[in-house]
Amino acid sequence: MVSYRSKKQKQGVKFRISFVLLFIFASFAACFSLYMRQAMEEDGNGVVTEIVTHTAAPEQVTVPVIKAEYSSTADVNPLKETVMLDKRYFDSCMFAGDSLIVGLGTYGIIPEEQVAAKVGMSVMDINTAPLTAPDGTETFVRDKINEAAPENLYVLLGLNLLGAYTDEQLLAAYGDFIDSIDRSKTRIYILSVPPVTAERESSEKNPILNSDIDAYNADLLKFANNRGLYYVDINSALKGEDGKFPEELAEADGIHFKKSTYDVVLEYILTHVYLGD
Amino acid sequence: MNRKTVLCSIIAALMLAGCSAGGEDNTQTDAQLPEVTASAAADTADDEDAGDNSDVQETEQAEEAQAESLCSEIIGKIQESVEMSTMAEVGRDRVPMYLDCTIPTDCDFAMIFCGSGGFADEVCVVKIADLDADAFYAAVEKRIESRVSDFADYNPDEAQKVADYFSETLNGYYIYAITPDNDKAAEIFESFVK
């Protein structure tokens, strides 16, 4: 038989241990909750802490949620210089276009899976000319992009067939391509057409004039504004003081990029991302 | 009883203190974020440094392997002797992106092609004795057809350069070359594998 005193003592001990156990459990729950909250924040906008390498001001840099409707981007285009994002930003990107974009894959700068481009691709045939895999299977650029559903898509088109069609015709075809991309998942950036070297301008065989490129780019900017696309003016970044593509950045044809030129372009892209209002 | 209670309380307090110390980083304000970022970047850099060491070792091993590679020597000599556009090296891991085949890790192999996409220049040398030769030849044929098609409307001169490609199998080694001077490439190949 347990006396009243010892029973009371046992009850007292039981109560205190329970209290402490409850306290420990509560502290675990609190820690777990904090941990989960932080993990969710990193998933949601992890770019804040992961992709920013330096910040001009101590403010949070976030990439805004993609909107379903597309209002004019005239107020932000051409995109202004921002903080430089980390190269890991490119993990969320795909690149589409002609041989200038092909170089990103062949130089091994961007994985081929994230490149949807073909030598000789133009705005007039991007919707009809498929990409051919080594085993012969064919995929349209739009299908490769929509299947991958990248967060960001960079498009560079326009140099091929420049002058063979009017800008209106080229941009109408460009519009058809843009319309074929699922924009609910993908933010689209338009890259301006790069300049050519002075030598290429005066080439006897197939000359290309920077003035024609500039005129096309001016129309391309309006096109981007009207369609809610972001315009990245790599043309300005690649022009020398004389307004031409410096010979040292170009391959022998005066158009294509040396490997180091891609570094210039990609750095420009990393500092000209739409970061919201 | 009192001692047990005190002991339990101390343990609970210690655990709480531990948890709260771990959570300090999580409760910083936005204004503190850049510091956190910098710190995180430093941590990442440390991790990357650790990774870099293993990368360096792998790179050294790869370089050693490459130094012993006859295929790499041949490609290097061709690059020295034949004027081509800026070339990019194609590691065996990237081969399936361009040729419908895979190259075993123990197979001597080297490949370069024009990096910019503007030209068709391309050279590949492989110890064909270590491969299914017919499958590899077929993969090269497909590649050639595809490249001719790519350049046909865009740059007919380059399309012709591809169509005029050179290939040869000699003493267990195979080369295909799309260069402005295939005769020179052939001469170099033969001088190495004879």
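Me: At 10% relative accessibility, how does R143(B) count, as buried or as exposed?

Reply: The general idea is to ask what share of a residue's accessible area remains open to a 1.4 Å probe when protein chains only are considered: under 20% relative accessible area is buried, over 50% is exposed, and anything in between is partly exposed. In this structure R143(B) counts as buried, because its relative accessibility is 10%. This is a predicted model, in which local features need pLDDT of at least 70 and side-chain atom pairs count only at pLDDT 80 or more, while totals for chains, interfaces and linings use all residues. Residues are numbered from 1 along each chain as its sequence is written, chains are lettered from A and ligands numbered from 1 in the order in which they are written, and side-chain values use heavy atoms, with hydrogens and water left out.

Me: Where is the place of R143(B), and which residues does R143(B) touch?

Reply: Helices (H or I, at least four residues) and strands (E, at least two) are DSSP runs, numbered from the N terminus, and contact means heavy atoms within 4.5 Å. R143(B) belongs to helix α4 of chain B, which covers residues 133-152. Leaving aside residues up to four places away in sequence, R143(B) is in contact with Y98(B), L99(B), F113(B), E122(B) and Y176(B).

Me: How should I read chain B as a whole, and what pattern does chain B follow along the sequence?

Reply: Chain B holds 6 helices and 5 strands, and their order along the sequence is α-α-α-β-β-β-α-α-β-β-α. Of its 194 residues, 37% are buried, and among the contacts in chain B with a separation of 6 or more, 59% join residues 24 or more positions apart.

Me: How is a pair of packed helices described, and at what angle do the axes of α3(B) and α6(B) cross?

Reply: Two packed helices are described by the angle between their axes and by the distance between the axes. Here an axis is a line fitted to C-alpha atoms, for helices over the stretch in contact, and angles run from 0 to 180 degrees between N-to-C directions. Helix α3 (residues 70-81) and helix α6 (residues 182-193), both of chain B, have axes that come within 10 Å and cross at roughly 145 degrees.

Me: Which residues of α3(B) and α6(B) meet?

Reply: On the α3(B) side they are L70(B), E73(B), I74(B), K77(B), I78(B) and S81(B), and these meet K184(B), A185(B), I188(B), F189(B), F192(B) and V193(B) of α6(B). Sorted by class, this contact has 8 nonpolar, 1 polar and 3 charged residues, where Ala, Val, Leu, Ile, Met, Phe, Trp, Tyr, Cys and Pro count as nonpolar, Asp, Glu, Lys and Arg as charged, and the others, Gly among them, as polar.

Me: Which residues in α3(B) are buried?

Reply: An α-helix has 3.6 residues a turn, so residues three or four places apart point the same way. In α3(B) the buried residues are L70(B), C71(B), S72(B), I74(B), I75(B) and I78(B).

Me: What lies in the loop between α8 and α9 of chain A?

Reply: D253(A) is found there, with α8 covering 234-238, and D253(A) counts as buried because its relative accessibility is 14%. Apart from residues up to four places away in sequence, D253(A) touches R200(A) and F119(B). A polar atom of the D253(A) side chain lies 3.0 Å from the backbone nitrogen of I255(A). Although D253(A) and V196(A) are 57 residues apart in sequence, their C-alpha atoms are 8.9 Å apart in space.

Me: How does V264(A) in helix α9 read?

Reply: V264(A) lies in α9 of chain A, residues 259-270, and is partly exposed, with a relative accessible area of 32%. V264(A) touches A237(A) and L238(A), again not counting residues up to four places away in sequence.

Me: Which backbone angles deserve a look, and what is the phi of N206(A)?

Reply: N206(A), which is not a glycine, has a positive phi of about 55 degrees; N206(A) sits in the loop between α6 (198-201) and α7 (210-227) of chain A and counts as exposed at 51% relative accessibility. In chain B, N171(B) has a positive phi near 50 degrees, lies in the loop between β4 (166-170) and β5 (173-178), and counts as exposed at 53% relative accessibility. The peptide bond from N77(A) to P78(A) is cis, with omega near -15 degrees.

Methods: A polar contact is a pair of N or O atoms within 3.5 Å; within protein, one must be able to donate a hydrogen and the other to accept it, and residues adjacent in sequence count only if both atoms are side-chain atoms.
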